[in-house]
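These are my notebook entries on one structure. I set down what I looked up, entry by entry.

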Amino acid sequence: MTTTVDEQRLMEFVFKAVGDFGAQLNGALTVIGDKLGLYRAMAGAGPMSSKELAARTGTAERYVREWLSAQAAGGYVAYEGDGLFSLPAEQAIALTDESSPACVIGGYELMLAAVRSTDRLIEAFRTGEGVGWHEHHHDLFSGCERFFRPGYHAYLAESWLPAMPGVVERLRAGARVADAGCGLGASTILMAKAFPESTFVGIDYHAGSIDAARERAAEAGVGNRTRFETGRAAELSGTYDLICLFDSLHDMGDPVGTLRSLRERLDPGGSLLLVEPFAGDQVEANLNPVGAVYYGASTFLCTPNSLSQEVGAALGAQAGEARLRAVASEAGFASFERVAETPFNLVFHVRP
């Protein structure tokens, strides 16, 4: 059988691959810039030389010079000529302003931590075994929180919760709230600060994250109204007016069993807030830049984590509304309504 090669399409793909090489390297260089404070030193400072940036950050000029050139070639910083570089205001927001929903700096830390497990994933592909979230590089935890936290900060109290009828009123009056799969506690703490009459419980199976969540809650001044426990979501005890799952259900081995258990923890009239990665129901709806990131992250993180647990349903990060609705229905929930969305998340109000 003879295959005809379209030379133009071949070269287009070759140049795409070369672009991806640069993107892969620039992703790691972005983490370097973040950890060394290079972006923060450039933000709002105008054009500067590599010597000036190195002096401001206590780094070696020759490394900084090469880093700046790589970042300029990748479109992250601007080259002004005469050896001067600047950080445009738009890039400064995306790379340094962690209060903005446009901030994506945590994503670089998250993705670099994920690909550090490449050798482990190769073996998992061969055996079909899972790889637990806790088995990845430690930057995974902080990177994940920093990637999702700006969106939570912008939308959770101002948009998502108000989109659920009656929920904000209960929170203002004094509700009991659980955050299942809370990680480092960013979402728990944001809600506790927004609703001072309510009490909050965060639960996550990773003990290191729970330790960090307790410290952060104390620093935020909400430690007296928050409690953090080490355990699986299905092990949550007590009863609650509101139970939240932020970008965590698809990672669980038994999402149906987890939701069934959480349903039993809801008080009469209680609600469940389910936030999941943005996705369409069909693969072709997700063949875009956001889908590429989420499918990739799901291959490295979400699917292996689910496969490492009992049942191993492996919903994946691109489960989509229809599959999530089916999971909730099987768990015994009668109402499943999409109440909000962002470029990165779908938000559902789920009720028994």
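**Entry 1: Ser-298**

I looked up the contacts of Ser-298 (contact means heavy atoms within 4.5 Å); leaving aside its neighbours within four places in sequence, Ser-298 is in contact with Thr-303, Pro-304, Gly-316 and Ala-317. Ser-298 is found in helix 13, residues 289-307. I take helices (H or I, at least four residues) and strands (E, at least two) as DSSP runs, numbered from the N terminus. Ser-298 counts as buried because its relative accessibility is 5%; buried means under 20% relative accessible area, exposed over 50%, and partly exposed in between, with a 1.4 Å probe and protein chains only.

**Entry 2: basis of the values**

I note that this is a predicted model, in which local features need pLDDT of at least 70 and side-chain atom pairs count only at pLDDT 80 or more, while totals for chains, interfaces and linings use all residues. Residues are numbered from 1 along each chain as its sequence is written, and side-chain values use heavy atoms, with hydrogens and water left out.

**Entry 3: helix 11**

I checked the span of helix 11: its 13 residues reach 19 Å from the first C-alpha to the last, close to the 18 Å expected at 1.5 Å a residue. The expected span is 1.5 Å times one less than the number of residues. I then listed the buried residues of helix 11, which are Ser-209, Ile-210, Ala-212, Ala-213 and Ala-217. They cover an arc of only 160° around the axis, so they lie on the same side of helix 11; the arc is that of the directions from the helix axis to the C-beta atoms. An α-helix has 3.6 residues a turn, so residues three or four places apart point the same way.

The buried residues of helix 11 pack against helix 8, helix 10 (186-194), strand 5 (199-204) and strand 6 (226-230). On the face turned away from the buried side, I find the exposed residues Glu-215, Ala-218 and Glu-219. Gly-221, with a positive phi near 80°, follows helix 11.

**Entry 4: salt bridges**

How many salt bridges does the structure hold? I find 21, where a salt bridge is a side-chain nitrogen of Lys or Arg within 4 Å of a carboxyl oxygen of Asp or Glu.

One of them joins Arg-216 to Glu-145, with the closest N and O atoms 2.5 Å apart. Arg-216 lies in helix 11 (residues 207-219) and Glu-145 in helix 8 (residues 139-160), so this pair ties together parts that are 71 residues apart in sequence. Arg-216 is partly exposed, with a relative accessible area of 30%, whereas Glu-145 is buried at 10%.

Asp-34 and Arg-40 also meet through their side chains in a salt bridge (3.3 Å, N to O). Asp-34 is buried at 8% relative accessible area, and Arg-40 is partly exposed at 47%.

Arg-338 and Glu-341 form a further salt bridge, their closest N and O atoms being 2.6 Å apart. I also traced salt bridges that share partners: they join Asp-34, Lys-35, Arg-40, Glu-98, Glu-109, Asp-139, Glu-145, Arg-146, Arg-149 and Arg-216 into one network.

**Entry 5: aromatic rings**

I searched the whole structure and found ten aromatic pairs. Rings of Phe, Tyr and Trp (its six-membered ring) pair if their centres lie within 6.5 Å; planes under 30 degrees apart count as stacked, over 60 as edge-to-face and the rest as tilted. Phe-147 and Phe-148 form an edge-to-face pair, 4.9 Å centre to centre with 70° between the planes. Phe-147 and Phe-148 are both buried. One aromatic cluster is formed by Phe-147, Phe-148, Tyr-152, Tyr-155, Trp-160, Phe-246 and Phe-344.
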